[in-house]
Amino acid sequence: MNSNPAIIDIKNLEKTYGSGSSVISVLRGINLEIQKGEVVSITGPSGTGKSTLLNLMGCLDNFDRGSLAISGTDVSSFEVDALSDFRNKHIGFIFQLHNLLPEFTALENVMMPLLIRRCKHAEAKEKSRELLARFGLENRSHHKPGEMSGGECQRVAVARAIVGEPDIILADEPTGSLDSKNSMNLLEVLLNLCREKGSTAVIVTHDMKIAGMTERIISMLDGLIVSQ
Ligand SMILES: Nc1ncnc2c1ncn2[C@@H]1O[C@H](COP(=O)(O)OP(=O)(O)OP(=O)(O)O)[C@@H](O)[C@H]1O
Ligand SMILES: [Mg+2]
């Protein structure tokens with residue numbers, strides 16, 4: 001037995017969409033190991049399967065063949081309830097579109113994962129406030145997503161994904177709607193927080209400057225990893 005197994009361990013992973021004659025192979029045999037505390041990026045042209053791969057790592061979708069283990073646990077055997085429980089404990093996901101809850105303020109959005117985990121309300125509020133401040137949003141706590149800019153919403157979404165200090169942070173184009181300067185700032189805060197907490201992070205990005213801020217760049221092409 002390897003005494004230090006990868007926190008994300010993917011072997012020969014295959015994923016198709018559709019059925020019959022309209023099947024398309026989106027992932028065609030992915031092999032990837034990511035170690036605990038590593039911060040990596042995934043790049044590649046549009047449609048190569050980056051989001052599909054990230055969604056699988058985030059236990060958000062199922063696959064056809066191969067294996068996927070997170071923290072030494074084979075997640076393909078989990079039932080839906082066990083899977084969402086596992087996800088809530090171990091993974092913070094930042095989506096390509098921020099999908100904040102529109103009815104709730106920035107602060108309430110960030111508090112949500114802690115409240116789902118039955119953290120005390122006052123503690124959730126305190127932690128969430130601190131994190132919003134790290135992202136320069138102390139004056140936006142009581143604004144709803146409709147009252148904030150796209151970039152501010154994106155920062156709130158990042159805060160929400162990491163407030164519970166998940167072992168693994170998965171981010172799909174987290175700086176998609178930001179200009180270059182704000183992208184770098186957001187990534188810097190995120191990466192500093194990852195390093196402080198020893199979190200593992202996988203960041204999908206088109207931006208080679210952002211990719212260059214991570215420890216390892218994984219390039220995908222046409223459903224395969226071509227270099228790592
Ligand atoms: N639900 C779905 N049903 C059918 N095909 C899908 C579905 N989701 C994605 N695809 C296809 O799978 C391929 C990979 O999609 P994916 O979203 O993983 O690409 P991507 O690398 O993230 O691209 P982008 O950089 O544009 O976000 C694309 O050709 C896409 O059209
Ligand atoms: Mg994508």
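The following exercises, each with a worked solution, concern a predicted model of a protein chain with a ligand.

**Exercise 1. Compare the radius of gyration of the protein chain with that of a compact globule.**

Step 1. The chain has 228 residues, for which a compact globule would have a radius of gyration near 17 Å.
Step 2. The protein chain has 18 Å, which agrees.
Step 3. For the extents, take the principal axes: the C-alpha atoms fill a box of roughly 50 × 40 × 35 Å.
Step 4. Of the 228 residues, 39% count as buried.
Step 5. Among contacts between residues at least 6 apart in sequence, 71% join residues at least 24 apart.

**Exercise 2. State the strand order of the open sheet of 4 strands and find its edges.**

Step 1. The chain as a whole has 7 helices and 10 strands.
Step 2. The open sheet takes 4 strands in the order β2-β1-β4-β5, with antiparallel pairing.
Step 3. β2 (24-34) and β5 (73-74) each have a single partner strand, so one side of each lacks a neighbour in the sheet; these two are the edges.

**Exercise 3. List the residues around ligand 1 and sort them by class.**

Step 1. The shell consists of Y17, G18, V26, S46, G47, T48, G49, K50, S51 and T52.
Step 2. By class, 2 residues are nonpolar, 7 are polar and 1 is charged.
Step 3. Helix α1 (residues 50-57) gives the largest share of the shell, 3 residues.

**Exercise 4. Identify the buried residues of helix α3 and name helices that cover them.**

Step 1. In α3 (residues 106-116), the buried residues are A106, L107, N109, V110, M111 and L114.
Step 2. Their cover includes α4 (121-134) and α5 (150-162).
Step 3. Just after α3, the backbone at R118 takes a positive phi of about 65°.

Technical notes. Residues are numbered from 1 along each chain as its sequence is written. Chains are lettered from A and ligands numbered from 1 in the order in which they are written. This is a predicted model: local features need pLDDT of at least 70, side-chain atom pairs count only at pLDDT 80 or more; totals for chains, interfaces and linings use all residues. A residue is near a molecule or strand if its C-beta atom, placed from the backbone, lies within 6 Å of it. Ala, Val, Leu, Ile, Met, Phe, Trp, Tyr, Cys and Pro count as nonpolar, Asp, Glu, Lys and Arg as charged, and the others, Gly among them, as polar. A residue is buried if 20 or more other C-beta atoms lie within 10 Å of its own, exposed if 12 or fewer, and partly exposed in between; C-beta atoms are placed from the backbone. Two residues are in contact if their C-beta atoms, placed from the backbone, lie within 7 Å. The radius of gyration is taken over C-alpha atoms; the globule rule is 2.2 Å times the number of residues to the power 0.38. Two strands pair if DSSP finds at least two bridges between them.
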